[in-house]
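User: I would like to go through this structure and ask what each label rests on. Please set the values against the cut-offs as we go.

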Amino acid sequence: MSESAQTPMKGAVRDAMGEQIKHELYSAYLYLSMAGSFEVANLTGFAHWMRRQSREELEHAIKFFDFLLDRGEHAELQAIEAPPYAFRSPLDTFEQALEHEKEITGRINSLYELAVREGDLPAQVMLNWFVTEQVEEEKSATEIVDRLRMAGEDSAALLLLDGELGKR
Ligand code: MG
């Protein structure tokens with residue numbers, strides 16, 4: 001290495017961030033699959049919401065990828081698991097989305113704790129954004145789950161919510 005090389009990253013933080021790219025891409029994959037299932041059910045508003053969510057997850061993955069590059073690390077991308085294909089109902093779909101976001105929150109929080117333990121200040125600053133983002137993600141998914149529960153078997157209420165999410 002030349003003398004001009006930047007401060008190296010701790011291996012543990014680098015590896016955990018590389019791993020997180022895969023989880024964000026899996027989120028994009030999962031929401032795209034959910035978008036498809038809404039689309040074929042003619043619930044175009046829910047489908048629109050999920051498509052948009054999927055694109056946001058792709059951006060999250062790229063944020064990690066780019067952060068590592070800025071620190072002089074080229075992340076080796078890992079295989080992404082196949083997401084579920086079929087979903088029982090809109091409620092079931094959004095419940096799964098909420099459960100998934102809770103899991104992601106746990107991963108982001110662990111990543112933050114690791115960055116603190118390793119004394120990686122730039123990683124902590126970068127992860128602050130994700131900590132806040134996860135609060136938003138859980139809040140919006142919870143809101144939709146609650147409203148789907150209220151709608152129950154009432155298809156007029158379901159279509160009203162579908163129309164509203166189409167405006168996202
Ligand atoms: Mg995400």
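**Labels and what they rest on**

Analyst: The chain has five helices and zero strands. From the N terminus on, its elements run α-α-α-α-α. The model is a predicted one.

User: What makes E24 count as buried?

Analyst: Buried means under 20% relative accessible area. E24 has 0% relative accessibility, so E24 counts as buried.

User: What makes E57 buried?

Analyst: The cut-off is again under 20%. E57 has a relative accessible area of 1%, and therefore E57 is buried.

User: Why are E24, E57 and H60 called donors of the magnesium ion?

Analyst: A donor here is an N, O or S atom within 2.8 Å of the metal. The ion is coordinated by E24 through OE, by E57 through OE and by H60 through ND1, at 2.1 to 2.2 Å. These distances are within the cut-off, so the three residues count as donors. Water is not among the atoms, so the site may look incomplete.

User: What spacing do the donors of the magnesium ion follow along the chain?

Analyst: The spacing is E-x32-E-x2-H. E24 lies in helix α1 (residues 11–40) and E57 in helix α2, so the pair ties together parts that are 33 residues apart in sequence.

User: How do you know that the length of helix α2 agrees with its number of residues?

Analyst: The expected span is 1.5 Å times one less than the number of residues. Helix α2 covers residues 44–70, which is 27 residues, so the helix should span 39 Å; the C-alpha atoms at its ends are 39 Å apart, and the two values agree. After α2 comes G72, with a positive phi near 85°.

User: Where is Q53, and what makes Q53 buried?

Analyst: Q53 is in helix α2. Its relative accessible area is 1%, under the 20% cut-off, so Q53 is buried.

User: Which residues is Q53 in contact with, leaving aside its neighbours within four places in sequence?

Analyst: Contact means heavy atoms within 4.5 Å. On that basis Q53 is in contact with Y31, E101, E137 and R168.

User: What do the totals for the chain say about burial and contacts?

Analyst: Of the 168 residues, 40% count as buried. Among contacts with a separation of 6 or more, 80% come from residues 24 or more positions apart.

User: How many positive and negative side chains does the chain have?

Analyst: There are 17 positive and 31 negative side chains, and the centres of the two sets lie 2 Å apart.

Key. Residues numbered from 1 in each chain as written. Predicted model: local features only at pLDDT ≥ 70, side-chain atom pairs only at ≥ 80, totals over all residues. Heavy atoms only, no water. Helix = DSSP H or I, 4+ residues; strand = E, 2+ residues; numbered from the N terminus. Buried < 20%, exposed > 50% of the residue type's maximum accessible area, 1.4 Å probe, protein only. Lys, Arg positive; Asp, Glu negative; His and termini not counted. Charge placed at Lys NZ, Arg CZ, Asp CG, Glu CD. Donors = N, O, S within 2.8 Å, 3.2 Å for Na, K, Ca; no water.
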